Structures are given as C-alpha cells and as structure tokens.
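User: I am new to reading protein models. Can you take me through this one in short steps?

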Amino acid sequence: MNIQWFPGHIAKTRRMIKENLKLVDVVIELLDARIPISSQNPEIDSILGTKPRIIALNKSDLSDPVLNRQWADYFQRKGIEVIFTNSLTGNGLDELKSKLKKLMKNKLEAAWAKGRVSRPIKTMVVGVPNVGKSAFINKIAGRASAVTGDRPGVTRTKQWVRVNPEIQLLDTPGILWPKFEDPNTGLNLAFTGAIRDEIMDSTELAARLMERLAEIYPENLRQRYKLSEVEGKTGLDLLMEAGRKRGCLVSGGEVDLYRIAVIVLDEFRGGRIGKITLEFPPGGNNK
C-alpha cells in the first residue's frame, strides 16, 4: 500500500514558511505524539535552519505515556525544547507560553534596554495537515481565530493571531512533503487521519492497522474487539473477526468489511482502543 499525497497548496506553503521565517522569533512545530517521526517533515531542519524551535507533541492524551517520556528525552537530547499538548483541552499551553518567554529572555531584555517594552514574541506554527494546528491556535488564543476541521488541509492561507500582548502566532497551512521515502510513514499518517480517507482503500488501511496493533498492542486489540486470539492472524482475518463480533454483517451473513474498517479507524483515532504510540524513539527502550 504505497501512499503518496502532495496537494498543490502544500508546495506553496513550503515557500511561504521560508519567506516568513525572518518575521518570527521562534517556531512551534506541532507533531502527533502517536507518530513523532512520521508527522515531522524531514525537510523541516533545512527549512528552519538555526531558528529557535519548540516541539509540541500534540494529541498526547491519545498516545502511550511511557513512550511520551521516551520521545521527550529523544528530542531534548537533540537540544530541542519539548512540551505535551492537547488542543481540545488546552493542556500544555501554559507551559508553552513559559518556555517561549524563557527561550526569548535575552532578546526581550535587549529590546527592553532599547525602550521597546511592548515587543511581542512572534512565533510561527507549523505541522502536517490534521495535526491539530488550528484547534491549538484557537485554544491558546482563547477564541476561534483559525478555521478548524477534522479534515486535513483546512487551513489554506497564513494569518497572524494575537494571543496576548506578549505573544503573536503565525498560522500556516499544513505541510507535507513530495514523497514518503519510507512506506510506513505514509501508513502512519493515514492511520492517524493526516491523509484524506477518500484517496485510500479504507478496508486495506484498517487491515494494515490491525496488523500493526496486533504486533505492538495485542491485548488492547483483543479486548476492544473481543477477539479470540491475535497472534499469527492476518489483518484481514482480524478485521473480519471484529466485524462478526460487532454485527457488521450483510445479507447472507457476510462481513461488511467497509463498515467495520470505518469503525476501527474511527476508534483508533479517537483513542477508544487505548493510548497507543505507533513509533518508538531511536535508541529507546520501547514499551
């Protein structure tokens, strides 16, 4: 299942980010805590250069707490500040504001010395589609400043958002990249909803997800769908058994594979299968 998705506006966004970097002090990079590597644009380091950065591992309420700590250690070893956020509840946003001020302390003091006492910290928010950027911005601003939606690619233009007298945010459209070198990257993004479901075979995608969960979270999968056993079964076998357990049947008693596939993808994305992280940090201890 080779997934590639590069809408035209994303190429424009990459140029926009490069052009507007000089306008900001700090970049806030939103990653999906369930797939920190797959949701990180591999071009982002070259795009941002030496610009100060804070990584916000978003949707951390849906990810594995043990692996959350390992991912935080991984990025901190690379010299990048990390926070955990939940765009819906606002968890982590106070910590973000504090880290922004700490990161900009020297520049702000220099500005104050020159009489610019009201200089705001200007930040840019970047991330792949559907990682929760607009909801994040709305929450930190305390109002509906950015357009939100559960479909990837909702934000299409840049916009400045005033958080408070001290912080301004520049929202940008989600940015993917032209080609996924690792096929697992495309799958991980598809599993979490960063790629439009309409361009994929939902049944095959759900079967691949079942295979992945059977490997790394077998007990979660077994309990959620009342499966007899998960070891040694294909994703399609697991999907069919889950469909029978849930009563997703058509005339003749055949399993409605599309219906159960949609259920599995929806329940995974909503955290109802459990707190799950699909990627392990390099050099980590796994679970």
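Analyst: Helices and strands here are DSSP runs, numbered from the N terminus; a helix has at least four residues and a strand at least two. The model is predicted.

User: Where is Ser63 placed?

Analyst: Look between two named elements. One is strand E2 (53–58) and the other is helix H3 (65–77). Ser63 sits in the loop between strand E2 and helix H3.

User: Is Ser63 buried or exposed?

Analyst: Buried means under 20% relative accessible area. Ser63 has a value of 0%, so Ser63 is buried.

User: Which side chain makes a polar contact of 2.7 Å with the side chain of Ser63?

Analyst: The side chain of Ser63 reaches the backbone oxygen of Ser60 at 3.1 Å. The side-chain partner at 2.7 Å is Asn68.

User: How far apart are the end C-alpha atoms of helix H11?

Analyst: Helix H11 has 13 residues, 257–269. At 1.5 Å a residue they should span 18 Å. The distance in the model agrees: 18 Å.

User: Where on helix H11 do its buried residues lie?

Analyst: The buried residues of H11 include Ile260, Ala261, Val264, Leu265 and Phe268. An α-helix has 3.6 residues a turn, so residues three or four places apart point the same way. Seen down the axis of H11, the buried residues fall within an arc of 165 degrees, so they line one face.

User: Which backbone nitrogen lies 2.9 Å from a polar side-chain atom of Glu241?

Analyst: Glu241 lies in helix H10. Its contacts beyond four places in sequence include Lys226, Leu227 and Ser228. The backbone nitrogen at 2.9 Å belongs to Ser228.

Key. Residues are numbered from 1 along each chain as its sequence is written. This is a predicted model: local features need pLDDT of at least 70, side-chain atom pairs count only at pLDDT 80 or more; totals for chains, interfaces and linings use all residues. Side-chain values use heavy atoms; hydrogens and water are left out. The expected span of a helix is 1.5 Å times one less than its number of residues. Buried means under 20% relative accessible area, exposed over 50%, partly exposed in between (1.4 Å probe, protein chains only). The arc is that of the directions from the helix axis to the C-beta atoms. A polar contact is a pair of N or O atoms within 3.5 Å; within protein, one must be able to donate a hydrogen and the other to accept it, and residues adjacent in sequence count only if both atoms are side-chain atoms. Contact means heavy atoms within 4.5 Å.
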